[in-house]
Amino acid sequence: MTASRGDAVERKRMTPLIRLQAEPFDAGRESAKLTHGRTDIGAVVTFTGICRGDESGRRLSAMTLEHFPEMAEAEIARHVEDALQRWPLLGVTVIHRYGRLTPGEEIVLVIAAASHRHEAFAAAEFLMDFLKTRAPFWKQVEYADGSHWVDAKATDDALAARWDEPAGRAAE
């Protein structure tokens with residue numbers, strides 16, 4: 001299927017939404033804002049990361065996410081741009097919370113919209129793999145008996161490594 005000139009123009013004008021915030025977000029509302037009035041979107045994939053009640057088998061009281069705002073926004077924007085080069089996306093939203101979060105609270109939202117599901121799923125997965133491994137956020141977990149900073153996980157790095165091919169040649 002060939003994209004029409006109008007589709008290409010609309011896709012080119014699409015401005016991704018990237019927000020870092022302490023406040024909760026509404027995933028349904030964000031998805032509705034992205035798709036409102038759009039007839040070119042055929043697939044929307046949303047991912048919401050939620051604070052679990054345990055970390056490494058221990059009951060979690062809370063977690064704190066810290067970041068450097070300008071650095072985090074710039075890095076996320078760079079990887080959103082990479083996603084836009086890899087797939088013909090029609091909309092992207094990335095919202096990442098920071099601060100102290102308790103189990104059950106939403107942490108991150110990634111929305112990828114495209115004409116077809118394959119591109120939307122791949123882009124959302126690519127962006128989450130990046131956020132999990134390369135976005136400059138630091139996580140401290142709290143338990144009833146203390147707290148500690150969490151190291152990166154080799155399993156997350158391995159998942160992200162599959163995207164290391166140049167833009168336009170993402171691993172299938």
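**Aspartate 40 and the strand pairings**

The side chain of aspartate 40 forms a polar contact with the side chain of arginine 38, at 2.9 Å. The structure is a predicted model. Aspartate 40 lies in the loop that connects helix 2 (27-35) with strand 2 (43-50). The relative accessible area of aspartate 40 is 14%; because buried residues are those under 20%, aspartate 40 counts as buried.

Strand 8 is mostly covered, with eight of its nine residues buried.

A further group of four strands forms an open sheet in the order 7-5-9-10, with antiparallel pairing. Strand 7 (99-101) and strand 10 (146-149) stand at the edges; each has a single partner strand, so one side of each lacks a neighbour in the sheet. From one strand to the next, the twist averages 20°. Strand 5 (residues 62-67) and strand 9 (residues 137-143) are paired in the antiparallel sense over six bridges. One of the residues involved is alanine 62, whose bridge partner in strand 9 is glutamate 142. In a regular strand, side chains alternate between the two faces of the sheet.

Definitions and conventions
Residues are numbered from 1 along each chain as its sequence is written. This is a predicted model: local features need pLDDT of at least 70, side-chain atom pairs count only at pLDDT 80 or more; totals for chains, interfaces and linings use all residues. Side-chain values use heavy atoms; hydrogens and water are left out. Helices (H or I, at least four residues) and strands (E, at least two) are DSSP runs, numbered from the N terminus. Buried means under 20% relative accessible area, exposed over 50%, partly exposed in between (1.4 Å probe, protein chains only). A polar contact is a pair of N or O atoms within 3.5 Å; within protein, one must be able to donate a hydrogen and the other to accept it, and residues adjacent in sequence count only if both atoms are side-chain atoms. Two strands pair if DSSP finds at least two bridges between them. Axes are lines fitted to C-alpha atoms, for helices over the stretch in contact, and angles run from 0 to 180 degrees between N-to-C directions.
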